[in-house]
Amino acid sequence: MLEQHPRDDATPDAGPSRLDAVNQQLAEVYPELSPQLKLAAGYVLEHPVEIAFQSIRKSATAAEVTASTLVRLAKRLGFDSFDQFREVFQSAVQAGPVELSGRASNLRTLASQTDDQVFLDVGDAAFDNIGRLFTADNQVRVREAAQLLLDAGKIAVVGFRDTFACAYHFAYVGRIAMPNVQLIRGQEGGLLTELAPFGEGDAVVVFGFEPYCAETVRALEVTRANGVNAIVVTDTLRSPLVPGASVTFPVANATPHFFPSILAAITLVETLLAECVAFGPDDLVDNVASFESRMREMGAYVERG
């Protein structure tokens with residue numbers, strides 16, 4: 001259980017880690033909750049900014065539960081009151097996402113004379129998805145995940161169907177600096193064969209949004225059984241990919257499009273790999289330079305005219 005008085009040890013950088021602890025505990029107890037508490041937990045997991053600043057009654061209405069249900073959820077997690085619970089969210093909320101969301105609003109205002117609502121809605125969603133990614137708690141997760149990747153003997157990357165593009169981008173770009181990165185394709189029934197070499201001391205990066213791919217869940221089960229550390233990029237802490245993960249990134253994927261947006265996930269890939277190169281050994285920079293040199297020698301690039 002969390003401490004009964006979470007503010008006693010509060011420090012300027014405690015907010016994100018405390019929020020991570022709350023979110024992780026919510027994800028762990030979620031399957032055991034009553035239907036009403038599940039509604040409340042789901043809202044808390046997916047609307048941290050609203051929980052931070054809305055009144056308890058407004059949050060309860062949005063979550064379609066009673067205010068007393070939110071209080072029960074807070075106490076289930078070891079807090080004396082809902083206000084004490086909410087303070088964790090207030091301390092972790094950063095200005096970045098709000099600013100980016102404001103840019104999205106400006107985009108709508110500037111283009112308000114057009115009738116292309118789809119274009120405007122996609123722009124709004126894109127700004128908001130990226131804004132929700134760059135928070136203080138995710139900054140902590142990125143540093144933790146990068147260190148896990150740098151310490152790994154081998155790195156498997158898994159993402160099927162709609163998230164294959166995320167996995168491919170991670171593997172292609174990541175392998176330039178870190179040759180130990182391997183894309184898992186799982187073609188022709190070869191999933192288990194591809195995953196067999198990975199064990200303790202290795203890492204797997206997994207991408208998956210609802211509807212969750214059965215092969216992705218299976219890959220996580222296999223690697224978890226073999227002691228592989230998992231970094232999971234998914235859409236909610238209620239995802240079946242979360243249990244047992246070493247680091248979890250719940251990324252926003254809202255879009256007017258008929259499939260979930262991968263924009264935030266791709267941006268996270270670039271952030272993670274940049275972190276690895278920035279804080280990894282000099283060999284990673286040398287690998288990037290060698291790759292570029294080889295590509296130029298083979299005529300892979302065309303110079304500008």
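Mentor: Gladly! Let's start with a term: two strands pair if DSSP finds at least two bridges between them. Strands (E, at least two residues) and helices (H or I, at least four) are DSSP runs, numbered from the N terminus. This is a predicted model, where local features need pLDDT of at least 70, side-chain atom pairs count only at pLDDT 80 or more, and totals for chains, interfaces and linings use all residues. Residues are numbered from 1 along each chain as its sequence is written, and side-chain values use heavy atoms, with hydrogens and water left out.

Trainee: How many bridges join β4 to β5?

Mentor: Strand β4 covers residues 229-234 and runs parallel to β5. The number of bridges joining β4 to β5 is 4.

Trainee: Which strands stand at the edges of the sheet?

Mentor: The open sheet has 5 strands with parallel pairing, in the order β2-β1-β3-β4-β5. An edge strand has a single partner, so one side of it is left without a neighbour in the sheet. The edge strands are β2 and β5.

Trainee: Which residue of β3 is the bridge partner of A156?

Mentor: β1 pairs with β3 (residues 203-208) in the parallel sense, over 4 bridges. On the β2 side, I155 stands opposite V181. In β3, the partner of A156 is V204.

Trainee: At roughly what angle do the axes of α10 and α13 cross?

Mentor: Axes are lines fitted to C-alpha atoms, for helices over the stretch in contact (heavy atoms within 4.5 Å), and angles run from 0 to 180 degrees between N-to-C directions. The axes of α10 (residues 164-177) and α13 (residues 263-279) come within 10 Å. Angles under 35 degrees count as roughly parallel, over 145 as roughly antiparallel, 65 to 115 as roughly perpendicular and the rest as oblique, and α10 is therefore roughly parallel to α13. The axes cross at roughly 15 degrees.
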